[in-house]
Amino acid sequence: MKKKLIQINTVCNTSTGRIMLDIQKKAEEEGGETLSCIGRRKVNQNLPCVKYGGFFSFWFHVAINTAFDKQGYGSFFATKRLVKRLREERPDIIHLHNLHGYYIYLPLLFRYLSNEFQGKVFWTFHDCWPFTGHCAYFTAVRCDKWKENCNHCPNKKQYPVSLLIDASSKNYRVKKEMFAQLKNLTIIVPSEWMKSLAQQSFMGKYPIKLVNNGIDLERFCYAPDEKVLQKYHIPNDKKILLGVASVWEKRKGLEDFINLGCNLSEEYQIVLVGLSKRQIRKLPPAIIGIPRTDSSRELVAIYSQASIFINPSREESFSLVTIEAMACGTPVIALGTSAVKELISSDNGIVLESYFCEDYLAAIKKIESKNLTRNRIRSTVEKYSNEKMLDKIMRLYVE
């Protein structure tokens, strides 16, 4: 893949950032020249990576979005610098990831992509934001306005939060005009669920390629570690019900865990990873809260200790944490409302169609009665390897 690749994403950490960096590393291994451009947080020190957003541009962008629903219309000067760098680098491929996150002025970027850039453009849809007038997800509020024209957004006060103006109708029309004029775009989606949604949207005119996300299966495997359990005061004499998220917001199902904790017997202990300090302070005694960790060793130890991994998220375009848990041999209970159901089979877990407390309690007992082995569970996710994901993307680049 002896081409020049530039990728653009909000950050170079968390799940989308890790995917971006894995692609970059693979492209370099195959002889490509690469650069990752991010808007926020720290740059990666091991691969060519530059940040274009800054403190003031970020908070100005947050302010205009919070007041006027203008995600993608701040950060003008940061984006001007980014486009200048793109012109100088003259890449063969530009791979877009998340363009929301208060760091891109969309008109500048897409004017360049539409009128000047002659190479290939790929865009991975990590969520639904590219084809809605406001939100990243809409399943929980049962909204399908995005199919025709967004308006009176029921998610206006969800990320990206707008407290005053509802500009979803105008945002939708402008996105449709801006995004749908590219002549050299291929869309990548991580799941059949996301593919179906994208095909129904105004972006359905473009080629849409399914490439499941992957994980490092050598890193994520059964490997308990008593020191990690002691560090977080996790008991080793109880059945651990585990939940993991990078951000615990409403759609992730934190309330489901709280309700479940009030109805469990003492043989169980709920452990949640990825909570903020404020969320941890508000937890009931039945739940152990752990802040977000970048240590895969710690995560593997916690996954390996868990009896059951529970993913109560209402909306996911894939779910790396679910795959990570199963790679460590832990069975899963998940909701069937989005892409996570595609990962679950009778050999590794249970899919719930509703999220009442009694449904979770029944599913826990059913999982325990299935007597699933860790080896059997792990075998179901070996197709979701980093290598397979990256090989598919490299092939798309050179087609």
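# Close-up views of the predicted model

**View A. Strands β1 and β2 run parallel and are joined by six bridges.** β1 covers residues 4-9, and β2 covers residues 33-38. Strands (E, at least two residues) and helices (H or I, at least four) are DSSP runs, numbered from the N terminus. Two strands count as paired if DSSP finds at least two bridges between them. The bridge partner of I6 in β2 is L35. This is a predicted model, in which local features need pLDDT of at least 70 and side-chain atom pairs count only at pLDDT 80 or more, while totals for chains, interfaces and linings use all residues. Residues are numbered from 1 along each chain as its sequence is written, and side-chain values use heavy atoms, with hydrogens and water left out.

**View B. Seven strands form an open sheet with parallel pairing.** The strand order is β3-β2-β1-β4-β5-β6-β7. β3 (49-51) and β7 (208-210) are the edge strands, and each pairs on one side only. From one strand to the next, the twist averages 20 degrees.

**View C. β4 sits between two partners in the strand order, β1 and β5.** Four bridges join β1 to β4, and the two run parallel. I6 has I94 as its bridge partner in β4. Four bridges also join β4 to β5, again in parallel. There I94 stands opposite V121 in β5. Which residues cover the two faces of β4? I93 and H95 lie on one side, I94 and L96 on the other, and all are buried. Buried means under 20% relative accessible area; exposed means over 50%, and partly exposed lies in between (1.4 Å probe, protein chains only). In a regular strand the side chains alternate between the two faces of the sheet. β5 is mostly covered too, with four of its five residues buried.

View D. Contact here means heavy atoms within 4.5 Å. Axes are lines fitted to C-alpha atoms, for helices over the stretch in contact, and angles run from 0 to 180 degrees between N-to-C directions.

**View E. The buried residues of α14 line one face of the helix.** They are N386, M389, L390, I393, M394, L396 and Y397. The arc is that of the directions from the helix axis to the C-beta atoms. These residues pack against β1, α1, β4, β5, β6 and β7. The 13 residues of α14 should span 18 Å at 1.5 Å a residue; its end C-alpha atoms are 19 Å apart, which agrees. The expected span is 1.5 Å times one less than the number of residues.

**View F. The largest nonpolar core has 52 residues.** A nonpolar core is a set of buried Ala, Val, Leu, Ile, Met, Phe, Trp, Tyr and Cys residues joined through side-chain atoms within 4.5 Å. L242, Y303 and Y397 have the most contacts inside this core. Helix α14 gives the most to it, with six residues. Y397 touches M1, K3, L5, Q7, I23, I93, H95, K120 and F122, leaving aside residues up to four places away in sequence. A second, separate core has 50 residues, including I94, W129, Y172 and A180. In soluble globular proteins, nonpolar side chains tend to be buried together.

**View G. Q305 belongs to helix α10 (residues 296-305).** Is Q305 buried or exposed? Its relative accessibility is 18%, so Q305 counts as buried. It touches L229, P235, N236 and I240, not counting residues up to four places away in sequence.

View H. Most residues other than glycine have a negative phi, and most peptide bonds are trans. At 24% relative accessibility, T14 counts as partly exposed. D69 lies in the loop between α2 (55-68) and α3 (76-89). With a relative accessible area of 1%, D69 is buried. P160 lies in the loop between β5 and α5 (168-179).
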